[in-house]
Amino acid sequence: MRIVLVGPPGAGKGTQAAYLANNLSIPHISTGDLFRANISQQTELGKLAKSYMDAGNLVPDEVTIAMAKDRMEKPDAENGFLLDGFPRNVSQAEALDEMLQSESMKLDAVLDLEVPEEEVVKRIAGRRICRNDSAHVFHVSYKPAAKEGVCDVCGGELYQRDDDSEETVRKRLEVYHTQTEPIIDYYKAQGLVVTISALGKVEEVTRRAMEALPQLED
Ligand SMILES: [Zn+2]
């Protein structure tokens, strides 16, 4: 099964992608991982991407698309894949369609994780991270530390990342609305979109997604 996962920042896409890919026995292909892998292995595409990033510029779509294509041609993606973070705009979606068509493949579904905007802001802006270890994550409402501002695990100081400030979250949501949301309409025209609510516990959302997708299982 070939799936594209879309949803605003704070929808829990990365977590859901990992669970769904595991349930469906297909690789989870995230653009973040693609970039990291290509850069650390110093592939030609990785070097190219890094040159843009070092100059403070966005990596052009062609480079991202070429990395995704390389990854989708690996043997473990033979029975499908779950794309996370790609495509992130309509021109990337069109390029993906062209790429798949040239290999006589097509997408089976576009899973749209829906979260109300205010919930996104609450989820992200409430995050507090430990200065000693970024894996020690708390939330002022959902997972408060026993003592405010102090990590339960190691006693380190908790802080809010710049990326997580309410102002930054609202900017990221704006970018999502203008750039990424149009791909949902693009895929709706192809009858591929499955929308589910991303509210609730992680496992509930995974179950909801699996139930929304069964008719596509082999
Ligand atoms: Zn800690």
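Modeller: Let's start with strands: two of them pair if DSSP finds at least two bridges between them, and a strand is itself a DSSP run of E with at least two residues, numbered from the N terminus. We are looking at a predicted model, so local features need pLDDT of at least 70 and side-chain atom pairs pLDDT 80 or more, while totals for chains, interfaces and linings use all residues. Residues are numbered from 1 along each chain as its sequence is written, and side-chain values use heavy atoms, with hydrogens and water left out.

Colleague: Fine. How many bridges join β5 to β7, and how do these strands run?

Modeller: There are 2 bridges, and β5 and β7 run antiparallel. Within that pairing, I129 has Y159 of β7 as its bridge partner.

Colleague: And what does β5 do with β6?

Modeller: β5 and β6 also run antiparallel, joined by 3 bridges. They make a hairpin with 6 residues between them. I129 turns up here too, standing opposite V137 in β6.

Colleague: Is H136 buried or exposed?

Modeller: Buried means under 20% relative accessible area, exposed over 50%, and partly exposed in between, with a 1.4 Å probe and protein chains only. H136 has 15% and counts as buried, while C154 is partly exposed at 38%.

Colleague: Let's go to the open sheet. In what order do its strands come?

Modeller: Its 5 strands go β2-β3-β1-β4-β8, with parallel pairing. β2 (28-30) and β8 (193-197) are the edge strands, each pairing on one side only. As one example of the pairing, 4 bridges join β1 (residues 2-6) to β3 (residues 81-84), and L5 stands opposite D84 in β3.

Colleague: Now the rings. Which residues form the aromatic pair?

Modeller: Rings of Phe, Tyr and Trp (its six-membered ring) pair if their centres lie within 6.5 Å; planes under 30 degrees apart are stacked, over 60 edge-to-face, the rest tilted. The structure holds 1 such pair. Y186 and Y187 form it, edge-to-face, with 5.2 Å centre to centre and 75 degrees between the planes. Y186 is partly exposed at 22%, whereas Y187 is buried at 0%.

Colleague: And which residue lies over the face of Y159?

Modeller: R131 does, 4.2 Å from the ring centre. The rule wants NZ of Lys or CZ of Arg within 6 Å of the ring centre and within 35 degrees of the ring normal. K143 likewise lies over the face of F138, at 5.1 Å from the ring centre.
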